[in-house]
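Me: I have a structure open and would like to learn how to read its features one by one. Could you walk me through it?

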Amino acid sequence: MNRDLFLAILSMDSYNRRYGQGVILNQGDSTTNQNEAGRQLGRATILNFDLPQGSVAAGFYALAYDMTGVSGFAAGERVISYRGSDEGRARDIINGYPAALGWPLSAQGNLAIAFARAVAGADVLPALFKAWPLPEDSNAGRLSGRQWRNAR
Amino acid sequence: MIGRSGFAGVMLGASMLVGCGQDGDGMGSSSRSAEARYRMSVEVATPEGTKSGSSVWSRVIRKSIGPISPYNASFKAEAVAIDLPGGRTLFMLVKDQEGMVDAYFPELAPEADESGEQSRVEHVSAIGSSGASKVLPCTPEAKPAWAGILRDSQMPNYCPMLVTFKDITDPTSVQRVNPDDLAASFGKGYRLKAITVQVTDAPVTVGIQKRLGWLSPHPEPSLNPKHGPMDFSVSATFTHGDFRRGATQ
């Protein structure tokens, strides 16, 4: 499958996982009565990373995939898919919409960086994200949380 | 980040702002919000008779103001605890249950409008005022007769998950419980009798913190936060939020 098409699919896949999911899929496909981590989308495997503390309160969600064995991706390459949540819409509007619209001051921005650091390791992130000081509890945010993927 | 409906709302916002003259989602509901409170009950057959536990959960849904998103929803719930002989406790989790009350009562859904949409507010409102009760098809006895001819993946599957702990003071000792085979977890004579949902006006149940002293106010951490990315065990993949959702504490 084309790499960009697969990335597009993964960018939407997070909407159907875990809390605030948009679609309830049946057993064997997705979350209901199932764990997310370890499930596969094609050969992409959902990795097990905890969301940063404050994610649910801020309407933030993210998934990380291991792309080993997927055509167009290197072995060990990881992709992150971010989304907001329709659960508690006001929280998502306050904490995420500014980032989606390009405004850098958002709680979800900090959460996205914290998640990326956990998945990729701070050393491979762009310098700004690598050095960015995150609050211990990432409820308050200051930096952009626009969707992006990180490969290692 | 942006939610699915929010993304659609941003894309459609301009056209809606110039005035289609409809209310929020255009479904014509007279009420902007609705709550359904419902008691989730579990009955377990044991060698010492039937044991049960219950917890009242709440689902609130509101129409949003403006074109960005049609709905704003919240869910408050705590896991149901069932005390079993020998000091063991069975828990029915809130994991993935936030929108399930709609699925419990599909027969109470309103008629679709001209665009084929059904108002979620009207649906939750109808459930909340119905006083309805239902045994969920989560036990062999309660499953529909046609279930046996379908593959598992084709069965509607909204049954809550069950877990127990070897040591209730140690969250990493969590174990999945097969609802079709409680004997495998607790021994001979144990069987899941029924999971029932009953619409109620009772307040949302609180207090699970007293049983699970290690429960975090944050829902995100897994029960074993030291796990690796390829650790897909129960303690690594289940989170504190699977036992409590919303501000019930």
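Predicted model: local features only at pLDDT ≥ 70, side-chain atom pairs only at ≥ 80, totals over all residues.

Me: Let's start with the overall make-up. How many helices and strands does chain A have, and in what pattern do they follow the sequence?

Reply: Chain A has 5 helices and 4 strands. Along the sequence they run α-β-β-β-β-α-α-α-α. Chain B, by comparison, is built from 6 helices and 10 strands.

Me: How do I read the contacts along the sequence? What percentage of them join residues at least 24 apart?

Reply: Take the contacts between residues at least 6 apart in sequence. In chain B, 65% of these join residues at least 24 apart; in chain A, 58% do.

Me: Now disulfides. How many are there, and which residues form them?

Reply: The general idea is that a disulfide is a covalent bond between the sulfur atoms of two cysteines. The structure holds 1 over all chains, formed by Cys138(B) and Cys159(B), whose sulfur atoms are 2.0 Å apart. The angle about the S-S bond is -95°, a left-handed link. Cys138(B) and Cys159(B) are 21 residues apart, and each sits in the loop between β6 (133-135) and β7 (162-165) of chain B.

Me: Are those two cysteines buried or exposed?

Reply: Both Cys138(B) and Cys159(B) are buried.

Me: Which residues should I pick out in the largest nonpolar core?

Reply: That core has 39 residues, and those touching the most other members are Tyr38(B), Met40(B), Val44(B), Trp57(B), Leu90(B), Tyr104(B) and Leu182(B). Several elements of chain B give two or more residues to this core, including β2 (49-63), α3 (120-128) and β9 (191-199). The top contributor is β1(B), with 6 residues. Apart from this core lies another, of 29 residues, among them Tyr61(A), Val70(A), Ile80(A) and Ala107(A).

Me: What does Val44(B) touch?

Reply: Leaving out residues up to four places away in sequence, the partners of Val44(B) include Ile82(B), Leu84(B), Leu90(B), Leu182(B) and Leu192(B).

Me: How do I read a helix such as α3(B)? Which of its residues are buried?

Reply: An α-helix has 3.6 residues a turn, so residues three or four places apart point the same way. In α3(B), the buried residues are Val121(B), His123(B), Val124(B) and Ile127(B). They lie on the same side of α3(B), because they cover an arc of only 160° around the axis. These buried residues pack against β1, β2, β3, α2 and β9 of chain B. At the N-terminal end, Ser119(B) caps α3(B), with a side-chain oxygen 3.4 Å from the backbone nitrogen of Val121(B).

Key. Residues numbered from 1 in each chain as written. Chains lettered and ligands numbered in written order. Heavy atoms only, no water. Contact = heavy atoms within 4.5 Å. Disulfide = S-S within 2.5 Å. Buried < 20%, exposed > 50% of the residue type's maximum accessible area, 1.4 Å probe, protein only. Core = buried A, V, L, I, M, F, W, Y, C linked by side-chain atoms within 4.5 Å. Arc of directions from axis to C-beta. Polar contact = N/O pair within 3.5 Å; in protein donor to acceptor, adjacent residues only side chain to side chain.
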